[in-house]
Amino acid sequence: MSTVTLTIDGNEIFAESGLTILEVAKRAEITIPTLCYVKDKPTDNPCEICVVEVEGEDELMRSCVTLVRDGMQVQSESERVIVHRQDRLAIISETHFGDCKAPCNLTCPGQINVQGYIAHVAKGEYEEALRLVMERNPMPFSVGRVCPRFCETRCRRLLIDEPVSINHLKRFVADWCMRHEIDLKIPKDKPTGKRIAVIGGGPAGLTAAWFLTRKGHEVTIFEAAPKLGGALRYGFPDYKIPREIVDYEVNAILRMGINIRLSQRWGKDFTLQDLKDTGFDATFIAIGATVDIPFDVPCTDKENVYTASNFLRMINEGRKLDLGLKAAVIGGNNIAMEVARTLVREGVEQVTIVYPRSRLEMPANQRNVKEAETEGVQFLLMASPSGLCAVPDDNNRLKLDLIRMKLGEPDKKGKRAILPIPGSTNSLSVDTVVSSLGQMAVNGMMTGGELETQLKLKPGGMFSANPRSAETSVDGVFAGGDAATGTKSVIQAVVSARRAANNINAYVMSCEKDPVDNRFNFTRGKSFDDVSLKNFDGIGVTLREKMPTRPPEVSTQDYDEVKLGFTEKMAKREAERCLKCGCTAFERCDLKRLDIDLKVNINKTGMGKEPLYPIDTSHRAITVDPNKCIFCGRCERACAYDALEVKAHSMDEMERPVGLVIDFKENCVSCGKCVENCSTGALNKNNRIVPIQAEDVREVRTTCPYCGTGCQMILKVKGQTLMEITADPEVGPNFGDLCVKGRFGHNFIQHPDRLKTPLIRREKGMPLEPVKWDEALDFMGQAFSKILGERGPDALAGLSSARCTTEENYAFQKFFRAGIGTNNVDHCARY
Amino acid sequence: MTGLVTVLGSGAMTNTINGILDGDCMLVIGSNTTETHPIIGLRMLEAVKKGSKLIVADPRRIKLCDSSEYWMQQRPGTDGPLINALCHVIIRDGLEDKQYIEERAENFESFKDSVADCTPEWAEKITGVPAAVIEDVARTFAQAERAGIYYTMGITQHTSGTNNVYCLANLAVITGNLGKPGAGLNPLRGQNNVQGASDMGCLPTFFPGYQRCDDQAARDKFAKIWDCSVSDKPGLMATEFGDAIHDGKLAGLWVMGENPMVSDPNSSHVKKAFEQLECLVVQDIFLTETAEIADVVLPAASFAEKDGTFVNTERKVQRVRRAIAPPGDARDDLSIINMVSNRILGNRDGDYHGISDPVFHTVPPFASEIFSEITECWVAMAGMSYERLETESLAWPCPDKDHPGTPILHEERFPRGKAWLSAISWDGPAENPDDEYPFVLTTGRVLYQYHTGTMTRRSEVLENSAPAAYLEMNALDAERLRLADNEMVSASSRRGTIELAVRISDRITEGLVFIPFHYKEASANLLTNDALDPHCKIPEAKVCAIKITKLETV
């Protein structure tokens with residue numbers, strides 16, 4: 001074989017003659033991008049992405065068909081090449097129609113893999129669903145109860161009937177796993193020797209502790225209160241998040257191995273300097289925003305006047321307060337709603353929320369407003385308190401002076417000012433007033449020591465921290481959650497803390513941060529108006545499942561949970577409503593990858609706007625979405641059985657297919673190789689239900705457990721969940737081939753029928769009953785020892801399996817031969 | 001395996017899977033390769049495209065027949081006469097590899113005499129394969145430069161199973177097709193680690209590495225490695241367990257990862273025996289039919305949840321790597337064996353109490369340590385280690401750490417020296433059709449299911465593709481019984497009855513029916529015969545006589 005010498009991008013390369021530039025570059029580890037290349041199978045309809053500039057040639061050359069020559073000088077990344085690739089990609093992308101990520105996923109502040117966990121629920125894989133949630137959110141119980149559900153507002157199902165009840169599904173899987181005592185087996189990295197202090201044991205502190213512990217750091221939480229939970233325990237009343245749920249959630253997080261120091265108040269019991277001195281490598285401030293903004297009206301009597309956080313804390317601690325029969329709550333935020341509902345439960349007969357704007361302008365989630373109203377809370381809108389000075393004129397203890405408001409001119413942001421209507425004063429007679437005007441982390445200055453005074457605060461009383469890195473003005477001290485962002489939802493605290501944990505890890509380990517998700521996204525339509533209704537052809541109306549709820553006349557009598565949670569059947573039905581917008585080829589899509597790499601801005605150059613073809617689910621294992629097909633033809637050429645046909649009725653002026661047909665022939669054996677060769681998500685495995693996005697996918701090489709061929713395969717694993725099986729074209733004996741069992745036959749691994757506990761039958765005729773290992777081993781040990789003692793070793797036998805490993809078979813026969821003393825050992829398939 | 005050991009001194013596929021592409025001719029007999037070994041089947045189809053000639057011998061017109069040069073449709077259970085007739089033609093026409101026979105084989109003359117009467121015409125009467133086809137096939141096979149033989153249970157699951165293997169070995173030897181690429185005698189293993197389980201001595205008469213229990217030297221060796229005395233008494237074969245239980249000789253049985261209640265012929269007999277055990281322990285990933293009648297059920301791990309190796313059909317030792325944790329309280333099988341050993345043999349040190357592995361709960365010794373011990377026991381694996389297996393693909397024998405492994409066996413010599421050409425006469429199947437049971441039943445697999453279906457039937461794509469048992473029948477037979485496609489019938493043998501749907505097919509001949517054995521609701525092995533091959537005690541799952549009656553719909 002003769003060799004040639006050439007240069008690619010200035011690198012001198014010796015190569016076999018007869019090879020293409022693309023092959024030679026690949027062997028020299030120079031990546032030339034391509035969308036249509038299949039080894040040894042050239043195409044009539046090239047993608048032209050692999051073009052290169054060859055010295056002496058006027059035209060750009062396709063590296064996949066151009067053979068190397070001696071002395072050739074190749075430029076694979078010249079500007080001309082890049083521009084041509086960008087042009088080609090823009091043309092190809094223009095007809096690609098689909099969503100990379102689902103709108104729910106994009107809208108979730110936690111970027112939770114919503115579509116993924118819903119898909120697990122639909123299949124009854126609740127444990128897997130919860131693991132997927134917990135990959136990014138360790139507080140599924142609380143968030144599943146109180147999340148504002150940003151995701152549901154963007155759910156495309158709204159265009160058919162109603163959004164999917166996403167959050168109820170999250171709560172369902174969390175509750176299901178709790179009820180079934182599931183150990184999620186979430187591993188943590190090897191110890192790093194780094195110590196991290198977390199100040200505050202609320203949602204943000206617990207979240208940061210969880211992620212940092214998983215990274216192998218030793219974490220200690222310092223909590224001022226006698227119990228962990230923060231806002232979950234002292235902010236949300238029991239009817240929203242029951243105490244035992246908080247306990248369970250907190251304990252589940254602590255089981256990861258986290259140190260806790262309770263009743264330790266920062267600034268009083270310890271300072272940042274103390275933490276530094278005791279060897280903490282970094283500190284995370286997550287004290288929440290628990291200081292109420294004072295109710296600043298002229299007032300003669302402070303008795304029977306409370307601020308919201310204090311009030312809720314006292315109630316949650318079990319304090320009995322004399323609240324009278326009538327109460328006013330000042331403010332329209334979420335906390336105000338909980339205060340009002342708590343007052344109802346405390347026996348107050350008339351609870352009025354006073355708010356200076358309209359109902360729709362309330363900062364509280366409208367769902368919470370409605371729930372309060374259902375329980376009998378009244379709303380006095382367009383009214384603002386002006387004083388509490390007046391003496392009561394009847395049996396009530398307080399007289400709240402009010403002035404009515406009207407809307408003024410809009411400001412720059414379009415928000416209309418509120419103006420008092422002169423002379424519109426009136427008053428409300430009440431026994432109790434609770435003000436809920438917002439919270440801050442610190443009132444005034446943070447005290448304690450030198451470092452504390454160096455901590456910069458924002459005007460609103462929050463810690464000043466970089467929203468991306470969570471760094472404060474003090475080196476090694478980070479802040480997140482409400483303490484930095486102001487009062488927000490639990491999921492937002494979780495996100496803030498997760499991001500902070502990532503940065504703290506990078507800080508203590510002096511390593512790179514995890515990369516931020518790329519925002520590149522093909523979409524079927526950014527806003528609802530952009531989404532073609534043709535997307536939903538053939539999908540009938542199925543309304544969402546109704547959450548079982550205790551009626552208000554009953555639920556307001558106690559603090560038990562109001563919403564009872566979905567049953568398993570409801571959860572499954574609800575999960576099946578998901579439209580599965582996001583692409584399950586997300587992680588393998590070459591088109592997206594190249595668009596990102598080559599900086600093609602599809603928002604400018606264009607993408608498909610409406611579906612031209614129905615999605616074809618007639619194949620037993622593969623779903624075909626021709627709207628995503630870019631006609632690269634890799635599937636057809638990769639098929640070893642010649643069982644797939646991709647045709648176009650005609651081509652448009654840009655040489656793109658019109659009237660596309662993707663057909664499986666009768667001889668298709670469903671091996672799925674075409675899917676692995678698809679350059680987009682046009683072909684997809686039916687059982688690849690979870691879009692794999694961003695972090696945490698492991699690839700484990702192993703051997704197929706079916707026939708004796710011993711195909712080598714790659715298990716794609718997320719957490720403890722097997723997502724998919726693929727094969728490496730470079731590794732024998734199968735060289736990228738697998739059969740239908742190899743690629744599709746692995747759902748049994750997470751099947752609910754799996755045996756999960758030892759069983760014994762105490763006496764013949766009795767049923768099998770679950771026991772702990774200890775008891776099962778004793779039971780078996782006694783039975784075998786008895787037989788051995790009474791009848792000798794040959795009364796025992798072992799039947800081993802061709803399914804088990806070599807090592808297991810060796811150990812098994814050794815047990816019988818060396819341990820028991822018999823050769824009675826065989827396997828079923830020895831012939 | 002017994003057959004191959006006797007003739008060649010070693011019982012495994014002699015050549016490699018991808019070597020199929022180097023061959024000029026393939027004889028596939030008793031193997032529905034595209035369904036049971038799809039990737040090997042794919043290589044065969046690729047070889048055909050490259051010009052290799054494919055000969056299929058199978059009672060059913062399996063998919064490979066569509067690409068074959070010749071299809072010999074022998075009657076079930078008549079493989080021996082067919083192969084002997086091939087040998088007859090080859091020797092008669094002087095096409096045998098004389099030099100090879102001279103150098104590498106013994107007993108040729110007496111073998112030659114034994115096939116002297118096995119003319120193609122004689123074979124046609126027994127097998128139904130036209131004499132002219134036998135003549136053509138014999139010449140094609142003998143004249144190929146590299147001809148490989150590929151077979152599976154269709155050859156072995158007969159009372160004459162061992163003899164059938166002898167016959168195939170004779171054919172390979174006289175044509176000089178052992179010890180070179182693209183040829184060989186290749187049993188395709190039906191399960192992922194049949195080879196490894198056999199290699200490791202889960203066999204009643206062999207220690208690991210096929211070292212015989214009745215050999216004093218072998219016993220001394222293992223007594224030393226294991227630091228205990230070992231028994232020289234041959235153990236019971238699995239197929240003898242049932243009778244031993246009935247006779248009160250066997251009282252405790254530990255079944256690891258098998259489901260004999262569905263996989264074994266005459267399975268109602270197996271059930272009766274197992275129920276008489278004092279203690280039946282079943283270790284599995286699902287509550288199988290066998291586990292349902294157990295006294296102790298131990299929850300085990302799937303392949304994705306354990307570390308170790310599988311030995312594939314071409315003797316390659318390949319790593320299995322843990323990707324995820326077993327569910328709930330389930331444990332990997334090795335840890336279970338270690339826990340049981342510790343409990344029964346009293347070695348509490350290694351007991352699981354002391355282990356702090358909250359995710360995987362593994363109990364030592366771990367797979368890598370066991371593998372090192374294996375390499376001490378058997379010279380064929382002595383050169384292997386987990387480190388080497390990370391980057392190398394090693395087929396045994398691999399006697400030292402610089403050895404590259406042995407993809408092709410017998411290149412220089414056979415382990416027993418020369419190959420023994422055995423004279424084989426033919427007895428016919430144990431059970432033949434008669435007036436009462438007029439159909440011959442043969443059993444097998446389908447692409448989408450596997451074995452007793454515990455895994456595949458719980459994997460959606462596979463189960464939806466082949467959700468129910470069926471009885472494949474020729475259109476003429478169906479017409480005679482007035483059966484329409486998909487109609488329900490009852491199929492009975494002397495041992496049992498099942499109900500299932502008829503599938504009319506032109507891939508099967510008159511008088512013969514086929515039932516896949518994966519389905520417990522219509523378990524083919526309730527019908528099959530547990531008559532055993534006298535040599536290796538394999539049951540005759542591939543032929544029995546049955547009757548078929550239309551089920552009256554209510």
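Colleague: On the other side of helix 7 of chain B, which residues are exposed?

Modeller: Glu121(B) and Lys125(B) are exposed there. A residue is exposed if 12 or fewer other C-beta atoms, placed from the backbone, lie within 10 Å of its own, buried if 20 or more do, and partly exposed in between. This is a predicted model, in which local features need pLDDT of at least 70, side-chain atom pairs count only at pLDDT 80 or more, and totals for chains, interfaces and linings use all residues. Residues are numbered from 1 along each chain as its sequence is written, and chains are lettered from A in the order in which they are written.

Colleague: Which residues of helix 7 of chain B are buried?

Modeller: An α-helix has 3.6 residues a turn, so residues three or four places apart point the same way. In helix 7 (residues 120–127) of chain B, the buried residues are Pro120(B), Ala123(B) and Thr127(B). These lie on the same side of the helix because they cover an arc of only 60° around the axis, the arc being that of the directions from the helix axis to the C-beta atoms. Helices (H or I, at least four residues) and strands (E, at least two) are DSSP runs, numbered from the N terminus.

Colleague: What covers the buried residues?

Modeller: The cover includes helix 4 (79–92) and helix 8 (131–143) of chain B. Contact requires C-beta atoms, placed from the backbone, within 7 Å.

Colleague: How many residues does each chain bring to the contact between A and B?

Modeller: Chain B brings 118 residues and chain A brings 99 residues. Helix 17 (residues 333–345) gives the most to chain B's side, with nine residues.

Note on methods. Two residues are in contact if their C-beta atoms, placed from the backbone, lie within 7 Å.
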